[in-house]
Amino acid sequence: MEGRGEGGNGGIPNGEDEVSPWKHNRGCGGESSSARQGKTRSMRHTRVIVTHYGGPDALRVVEEECPEPKDGEVRVRVLAAGVSLPDIMAREGVHPETPPVPFTPGWDLVGVVDRLGDGISGIEPGQVVAALPIHGAYAEFVCLPQRELVPVPSGLDAAEAVSLGLNYVTAYQMMHRSVKVRPGQRVLIHGAAGGVGTALLQLGRLAGLEMYGTCSSRGASTVSELGGIPIDYQHQDFVTEVRRLTREGVDVVFDPIGGTHLWHSRKALRPGGTVAGYGLISSIRGEGLASGRPGRRQRFRGAATFGLYIAAGWLLPGRKRVVPYSIQTLKRLKPAWFRQDWIALLGLLQQQKIKPLIAQRFPLAEARRAQELLAKGGVMGKIVLVLNGSSLESGAA
């Protein structure tokens, strides 16, 4: 996993060493799990970093000293971290939330409270928690502010629980916060066999929606099993097919692709309908560094196009709106909503009313392989990095 990086150590921050992807992770063992911040002997852990904006070769596995929680922070031993398209967009430098290099990717995680910083109360070592740090989850240990942590019921699968973070909260909030769907409405879900797509299908079935989903022929059975009517985007025009099946069109389209695809989705709406746009996948298909363009300079182009479509949706006849959804923006504006919604989803998982589809589990050191698989497309469900097993421990809140 060679990277050009910035700086004299191949983009690796001082104090870190590159390790073989197959090296056993030693972790931060050896200290008391109930100890609060204080002087302890130095321990090591493994994390993944992006050394430069670019392709999969930008990912490097390094070993470094374990992070120590600051005042108001909690150190979490990561059990599972989600692998998502925003991770790839950040690696290429085209996502609005892209940090400066070098950085550790990873939007969501589930783990066990390992160590408490000063000023922490109401949480104890051994509790299982979830968080959406936006970046930093591809690591054995992460320090996060206590306010970022969501309690996770015991007995759940860590990979399934982490799938609720980015994928299911996105689906749930688009349905119930942004669009406010009603029973009996028709919806079209693009990428219906993917991580957010399967979440939308499961939550849409609970909400009593009539659902259509674009997918490959390989994903058609998954879409059907989850209550949707599959539309093969490789061989069928989805607007024509939606019109054939519904005559009038659908009430809502969930579109993660962005760009001109949003306008095509708008054609599938009935009068008064809404396109909920999220993700902007088109940013990494011919517009990122893979095409030789400076990704960071281009990363706001999709947002500008989005703005034009939003304005046109209000001005043109037919009352067909295009509305944006951004999980990180809504989380910052309405943090209580984010917490409430993830807790509600964990309850649905515990009651077995939803069942996240896990496409594949990879060890942390194989993050590059995981991202390469996701970037190829056609993945059904969520790809997850797992550490130290995937079943949650007892003692959760």
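**View 1. Val275 stands opposite Val322 in strand β14.** The model is predicted: local features need pLDDT of at least 70, side-chain atom pairs count only at pLDDT 80 or more, and totals for chains, interfaces and linings use all residues. Residues are numbered from 1 along each chain as its sequence is written, and side-chain values use heavy atoms, with hydrogens and water left out. Strand β13 (residues 269-277) pairs with β14 in the parallel sense over four bridges; two strands pair if DSSP finds at least two bridges between them. Strands (E, at least two residues) and helices (H or I, at least four residues) are DSSP runs, numbered from the N terminus.

**View 2. Six strands form an open sheet with parallel pairing.** The order of the strands is β11-β10-β9-β12-β13-β14. At the edges stand β11 (228-232) and β14 (321-324), each of which pairs on one side only. From one strand to the next, the twist averages 20°.

**View 3. Helix α2 (residues 158-179) packs against α3 at an angle of about 50°.** The axes of the two helices lie 8 Å apart. That angle makes α2 oblique to α3; angles under 35 degrees count as roughly parallel, over 145 as roughly antiparallel, 65 to 115 as roughly perpendicular and the rest as oblique. Residues of α2 in the contact include Tyr168, Ala171 and Met175, and those of α3 include Val196, Ala199 and Leu203. By class, the contact of α2 with α3 has nine nonpolar, six polar and no charged residues. Ala, Val, Leu, Ile, Met, Phe, Trp, Tyr, Cys and Pro count as nonpolar, Asp, Glu, Lys and Arg as charged, and the others, Gly among them, as polar.

**View 4. Helix α1 (residues 85-92) packs with helix α11 (residues 367-376) at about 105°.** Their axes are 10 Å apart, and the angle makes α1 roughly perpendicular to α11. Leu85, Asp87, Ile88 and Arg91 of α1 meet Gln371, Leu374 and Ala375 of α11. The residues of this contact divide into four nonpolar, one polar and two charged.

Definitions and conventions:
Axes fitted to C-alpha atoms, helices over the stretch in contact; angles between N-to-C directions. Contact = heavy atoms within 4.5 Å.
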